[in-house]
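Here is a short report for a reader who is new to this structure. Look at the sequence and the 3D view, then read on.

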Amino acid sequence: MSRRSAFLRGVSLLLVMSGVYCTAGAEDWGEYAVDGRRSGYTYAAAETRAMQDDEFENSGFIWVEKGAELWDTALGSGGESCAGCHGDATESMRGVGARYPVLAPERGKLINVEQRINQCLSERMNVAPWDWESEPLLAMTTYVKHQSHGMPVSPVVDGDAEPFFDAGKEFYEKRRGQLDMACIHCHERNHGNMLRAQKLSQGMSNGFPTYRLKWQTLGSLHRRIIGCNRDVRSEPYPAGSDEYVNLELYLAWRARGLPVETPSVRN
Amino acid sequence: MDKPRVKVPKKVKKGEPFEVKALVSHKMESGQRKDEASGEKIPRMIINQFECSLDGEVVFSAKLYPAISANPYLSFYVVAEKSGELSFSWTDDSGDTATASSKFVVQ
């Protein structure tokens, strides 16, 4: 064989390989990708996706079950339970996880699911609100959001909510910390690339609270954002701060149309 | 320990292996971490023993070590010649035990 034909054969082999690569890159992710917006599910390893898909194997369901128990438990000082007012959560809470955070006119700002649960506890049941990231608050939030499983994320971002949406967008695009990085640098310009041992995703919020293998437990969206802020060496805001709830609305808009996956499994 | 979750088929075929799944909620503290605030070592607290018995006879058992993840999930296969009941037990370092059981019918 002449040197030239060997070269050509090498080139055609490369072309074939790149063809295979392109096909793999354009994988059909079904409901997990909408107009180029991809759920973190599509960046997770096959084993992690299998773990999420199996209700038994998905450890996040431990919190769904705990939340279901809490829902029927008398928590209030007068023996009130969540079910006492809201009845069957599978009906009354359906859709909540897809549209929150929402504007709370009585507060003049946004409110997310965790805060709404705590508002019920302190204002209607006369008991102390649950700490952020505590077992009962995670369980109840996961249970409530799980009722919207599979529904497309569809927050309201216009009208009175617009200034809060704009604040969230500004946070998302603003450089911060010693590394002087904004959310967009990883999640819009570099998704799919590796950040040390981790594959960067688009930073979609549709699966939260998520069972994170690195954490060995389930955690809230705000815990994840605090981690991101620390990673760029900035001082994080407290969980439940206005800054993060505004950001939560912007993240929900970024994830619009993607299915609610709560509880998802991520590495 | 919280209530464990087990999955056993209701009906199985005689002499054919069937899959059994078992998951329990446990933090599986490895004993190698320190409390960030105080600097004190967090003592080891893991499930160290799992057993599955078929009508009283142990058919599967496992020793668990500190590298096993939180909320350990085990799946394995069992063969049965007649209908019976599988009982499960998890024991942790404090001696605390969680149990579960599930009946199945051989066809």
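Helices here are DSSP runs of H or I with at least four residues, strands are runs of E with at least two, and both are numbered from the N terminus. By that count, A:Asn126 sits in the loop between α7 (113–124) and α8 (135–146) of chain A.

## The model and its scores

This is a predicted model. It scores ipTM 0.83 and pTM 0.87. For chain B, the mean pLDDT is 94. In that chain, 100% of the residues reach 70 or more.

## Chain A in outline

Chain A has 267 residues, and 34% of them are buried. Its secondary structure comes to twelve helices and nine strands. The C-alpha trace of chain A spans about 90 × 40 × 35 Å along its principal axes.

How much of the contact in chain A joins residues 24 or more positions apart? Take the contacts with a separation of 6 or more: such residues account for 70% of them.

## Helix α12 of chain A

Helix α12 of chain A covers residues 242–254. Its length can be checked. The expected span is 1.5 Å times one less than the number of residues. For the 13 residues of α12(A) that gives 18 Å, and the end C-alpha atoms are 18 Å apart, so the two agree.

Is this helix enclosed or open to the outside? A residue counts as buried if 20 or more other C-beta atoms lie within 10 Å of its own. Ten of the 13 residues of α12(A) are buried, so the helix is largely enclosed by the rest of the structure. Among them are A:Tyr244, A:Val245, A:Asn246, A:Leu247 and A:Glu248. A:Leu249, A:Tyr250, A:Leu251, A:Ala252 and A:Arg254 are buried too. The cover over these residues includes two strands of chain A, β2 (37–38) and β4 (109–111). It also includes the helices α9 (162–173) and α11 (221–231) of chain A.

## Two cis peptide bonds

A cis peptide bond joins A:Phe208 and A:Pro209, with omega about -10°. A:Pro209 belongs to the loop between β6 (198–199) and β7 (210–212) of chain A.

Another cis peptide bond joins A:Thr262 and A:Pro263. Here omega is about -5°. A:Pro263 lies in the loop that runs between α12 and β9 (264–266) of chain A.

A:Asn126 has phi near 55°, a positive value in a residue other than glycine. Is A:Asn126 buried or exposed? A:Asn126 has 11, so it is exposed.

In chain B, phi of B:Asn71 is near 50°, again a positive value in a residue other than glycine. B:Asn71 is found in the loop between β5 (57–63) and β6 of chain B. It is buried, because 20 other C-beta atoms lie within 10 Å.

A:Ser122 lies in helix α7 of chain A. It has 13 C-beta neighbours inside 10 Å, so it counts as partly exposed. A:Asp166 is 44 residues away from A:Ser122 along the chain. The C-alpha atoms of the two are separated by 30 Å.

## The sheet of chain B

Three strands of chain B form an open sheet in the order β1-β3-β6, with antiparallel pairing. β1 and β6 of chain B stand at the edges. Each has a single partner strand, so one side of each is left without a neighbour in the sheet. On average, neighbouring strands of this sheet are turned by 15° against each other, direction ignored.

Strand β1 (residues 5–7) pairs with strand β3 (residues 18–23) of chain B over three bridges. B:Val6 has B:Ala22 in β3(B) as its bridge partner. Six bridges join β3(B) to strand β6 (residues 73–78) of chain B. There, B:Lys21 stands opposite B:Ser75 in β6(B).

## Where the chains meet

How many residues of chain A are in contact with chain B? Six residues of chain A touch nine residues of chain B. By class, the chain A side has two nonpolar, three polar and one charged residues.

Conventions:
Residues numbered from 1 in each chain as written. Chains lettered and ligands numbered in written order. Predicted model: local features only at pLDDT ≥ 70, side-chain atom pairs only at ≥ 80, totals over all residues. Contact = placed C-beta atoms within 7 Å. Nonpolar A, V, L, I, M, F, W, Y, C, P; charged D, E, K, R; others polar. Buried ≥ 20, exposed ≤ 12 C-beta atoms within 10 Å, placed from the backbone. pLDDT = per-residue confidence, 0-100. Pairing = 2+ DSSP bridges. Axes fitted to C-alpha atoms, helices over the stretch in contact; angles between N-to-C directions.
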